[in-house]
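Good morning, and thank you for coming.

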Number of protein chains: 2
Amino acid sequence: MSVEGVISNPSLKRVSIIGLGLMGGSLAMALRRAGLVAHIVGCGRTALTQRALELGVIDSGTVDAGESVAESDFVFLCTPVETSIRLLAQIAPRLKPEALVSDVGSTKQAFAAAAREIFGPSAAERVLPGHPLAGRELSGLANASAELFEGCVWVLTPLARAELTAAPRNLQSALEAIGAHVIFSTPQEHDRILAYTSHLPQMLSTALALTLEQAFRADDPGLQIHAGGLHSMLRLAGSEPAMWEQIAASNRKNIASALESLEAEVRKLRESLGSADFRQRFEKAREFAKFLKD
Amino acid sequence: MSVEGVISNPSLKRVSIIGLGLMGGSLAMALRRAGLVAHIVGCGRTALTQRALELGVIDSGTVDAGESVAESDFVFLCTPVETSIRLLAQIAPRLKPEALVSDVGSTKQAFAAAAREIFGPSAAERVLPGHPLAGRELSGLANASAELFEGCVWVLTPLARAELTAAPRNLQSALEAIGAHVIFSTPQEHDRILAYTSHLPQMLSTALALTLEQAFRADDPGLQIHAGGLHSMLRLAGSEPAMWEQIAASNRKNIASALESLEAEVRKLRESLGSADFRQRFEKAREFAKFLKD
């Protein structure tokens, strides 16, 4: 479907974006730049909504989530997982029956379960959970950019296996028009995979920082002596604690399982130091890393 | 000391570089570009020596390490740790008495111990172990560059606490002239610090790759679903196995101890998922990571 096809579709006329941080701000900018939406309602704290209006990122703003969705065709919850769950319950009674709600949360099972609880049998038509893999260590509207989603994978996790109706198809087209590569998964599979490919690397980087913090005084001159690889391994440790607290809580079981596997691999690697087995493990890891990069 | 001062010093006239890979090749290029050496003798396998001669990186070449050092004032062993130890024994009888030998190995205790065994009481005057923190996942002469050491920390680990004599001072000046920031440490302290700041990040990246390799089939389409952070955490896993095998063997005890600390931190982080303690740990790690970056 071409961009023009999307624009001419009246179901994209009015979009609400709740949460005007890095994700919500960037989404508003990207949709605006692509000319996909006639009117964007922004919802966030007063100062933030004001700033978004000044930047021309949204057309109208409010601090009241319920009010923000009243006439919209699409609603994006762009807040951390637990906040989005709370907001979903709050906006539910105010939504138009044909409106479609999506989100950008880093885990999907808890949000999907909340949607089922709130909307019952119609949940699959009312809510289409999503997750753009376009995070940064940076956060906030000040770091938002219309280009954030260019080339990123945007996972949509429908609540039921069924042919997509018009609204989800329009959502998919809009996301593709702002540069995202849309793929489909289930909330359960999404969370299991992300535990390994996103949450595990994050926890590792954080654990590495904690280990170094234990081994050195912060002002230890020895910390000058390090290779470039250290900074790249510590980059993720600088991520937003509030967001990760919610990811950790909402995907606890999968993350714990991934961490247990990692602990086993670290132990085996440690026990193999100086033996032929080490070389073999190192080469297996290298092949996998190269494969994933290609 | 200015570059001119170094050039005028006759003790830098003839330099041998044994091993013409990324490190040896880059060192030859950098010394050449800085105009610091009248004659560079390269030593490596026939094809490599030939290539280095063609590139104009060395002035003469040989496959015989003993022959390569016979008339040199400075000798750099630019091979992995265990190879450098073997070569040190081999070149010892051919060295001029006033020649200074250095190396670029990633660990220093094993090399320092070998130097003491080979040279006895004069070891501290004959050998000044070194380690430029300028590694890359790339290796080989094809990736060598005169800029490799610009801005890098180059650790020198004298075998004895004493005033540096003329030769080590000239070595230090030459390294500074090619852009390195020279700092001094002891072989023991160097290896303990590097276990945390270089070897630990490497092992972590390798263990992460092994964990993912266990969790996914290599062609699993789920692997598409990952954040940018995954690639940065897997970058080091692509490093050269031969080099890391020798690092692991020569610094086994320190690396094992660093890995044990990490395992404890991973376990504590895993057990804190979903609790208030998680947030606290995450924030502590974040502060440390930010501090180190600044």
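The buried residues of H12 in chain A pack against helices H9 (187–215), H11 (241–250) and H13 (276–293) of chain A, and also against H9 (187–215) and H12 (252–272) of chain B. Please note that this is a predicted model, in which local features need pLDDT of at least 70, side-chain atom pairs count only at pLDDT 80 or more, and totals for chains, interfaces and linings use all residues. Residues are numbered from 1 along each chain as its sequence is written, with chains lettered from A and ligands numbered from 1 in the order in which they are written.

Helices (H or I, at least four residues) and strands (E, at least two) are DSSP runs, numbered from the N terminus. A residue is buried if 20 or more other C-beta atoms, placed from the backbone, lie within 10 Å of its own; contact requires two such C-beta atoms within 7 Å.

Which residues of H12(A) are buried? Among them are Asn254(A), Ile255(A), Leu262(A), Glu265(A) and Arg270(A). Seen down the axis of H12(A), the buried residues fall within an arc of 140° (taken from the directions from the axis to the C-beta atoms), so they line one face of the helix. Just after H12(A), Gly274(A) adopts a positive phi of about 85°.

Turning to chain A as a whole, its secondary structure comprises 13 helices and 8 strands. Buried residues account for 54% of its 294 residues. Of the contacts in chain A between residues at least 6 apart in sequence, 77% join residues at least 24 apart.

Notes
A residue is buried if 20 or more other C-beta atoms lie within 10 Å of its own, exposed if 12 or fewer, and partly exposed in between; C-beta atoms are placed from the backbone.
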